[in-house]
Amino acid sequence: ARVLRSRPLQKMGEISMSFYFLHEVLQGLVMVFAETYFGYKGHEHSPRPLAICVTHVLPLSAALLVGWALTYAVEKPLARCVLARLDRRRASATAASSSTASASSSACEANASEAGGGCKLRLGTQQKF
């Protein structure tokens with residue numbers, strides 16, 4: 001459990017979605033490039049270390065790097081922007097509903113004293129009883 005809380009694994013968890021989306025695309029592009037220019041066939045189990053490095057390790061490393069860049073340059077700033085906008089909307093909606101409720105409350109109390117009856121508020125509307 002302690003290993004799972006380590007900083008490198010937490011960072012890997014943050015970029016995991018970007019990595020997941022990118023690794024297949026980058027590996028496919030490298031495979032097409034290797035087949036086109038070097039005649040390498042991915043289905044042939046080539047024991048050549050250079051071929052394995054070029055077709056597997058290189059795209060995965062690139063996916064980690066690009067996934068990290070996308071996470072910290074696009075995803076996190078965008079998420080902060082969206083959350084800030086939602087907080088502003090929530091704050092303005094709360095302020096508007098509290099001012100509406102206080103206005104309804106004073107109107108309800110005035111009507112109740114005139115009519116001699118009670119009044120209760122329900123979701124910003126007044127009801128006499």
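Helices here are DSSP runs of H or I with at least four residues, numbered from the N terminus. The model shown in these views is predicted.

**View 1. Overview of the chain.** The chain has two helices and two strands. Along the sequence these elements follow the pattern α-α-β-β. Of the 129 residues in the chain, 16% are buried.

View 2. Helix α2 covers residues 49–115 and holds both Trp68 and Tyr72. The two residues are four apart, which is about one turn of the helix. In an α-helix there are 3.6 residues a turn, so residues three or four places apart point the same way. Trp68 is partly exposed, at 47% relative accessibility. Tyr72 is also partly exposed, with a relative accessible area of 27%.

**View 3. The aromatic pairs of the structure.** Two aromatic pairs are present in the structure. In one of them, the ring centres of Tyr20 and Phe21 are 5.7 Å apart and the planes meet at 55°, so this pair is tilted. The pair of Trp68 and Tyr72 is tilted as well, with 5.7 Å from centre to centre and 45° between the planes. Tyr20 has a relative accessible area of 56%; because exposed means over 50%, Tyr20 is exposed. Phe21 counts as exposed too, at 53% relative accessibility.

**View 4. The kink in helix α1.** A kink of about 55° in α1 is centred on Ile15. Helix α1 has 32 residues, yet its end C-alpha atoms are only 40 Å apart. A straight helix would reach 46 Å at 1.5 Å a residue, and α1 falls short of that. Gly39 follows α1 and has a positive phi, near 70°.

**View 5. A nonpolar patch on the surface.** Val3, Leu4, Leu9, Met12 and Leu64 make up this nonpolar surface patch. Together these residues have about 460 Å² of accessible area. Leu9 lies in helix α1, which spans residues 7–38. At 41% relative accessibility, Leu9 is partly exposed.

How values were computed: Residues numbered from 1 in each chain as written. Predicted model: local features only at pLDDT ≥ 70, side-chain atom pairs only at ≥ 80, totals over all residues. Heavy atoms only, no water. Phe/Tyr/Trp six-rings, centres within 6.5 Å; stacked < 30°, edge-to-face > 60°. Buried < 20%, exposed > 50% of the residue type's maximum accessible area, 1.4 Å probe, protein only. Patch = residues over 30% accessible without salt bridge, like charges linked within 9 Å, V, L, I, M, F, W, Y side chains within 5 Å. Areas by Shrake-Rupley, 256 points an atom, 1.4 Å probe, with all protein chains shown as cover. Salt bridge = Lys/Arg side-chain N within 4 Å of Asp/Glu carboxyl O. Expected span 1.5 Å × (residues − 1). Bend = angle between axes of the 7 residues up to and from the residue.
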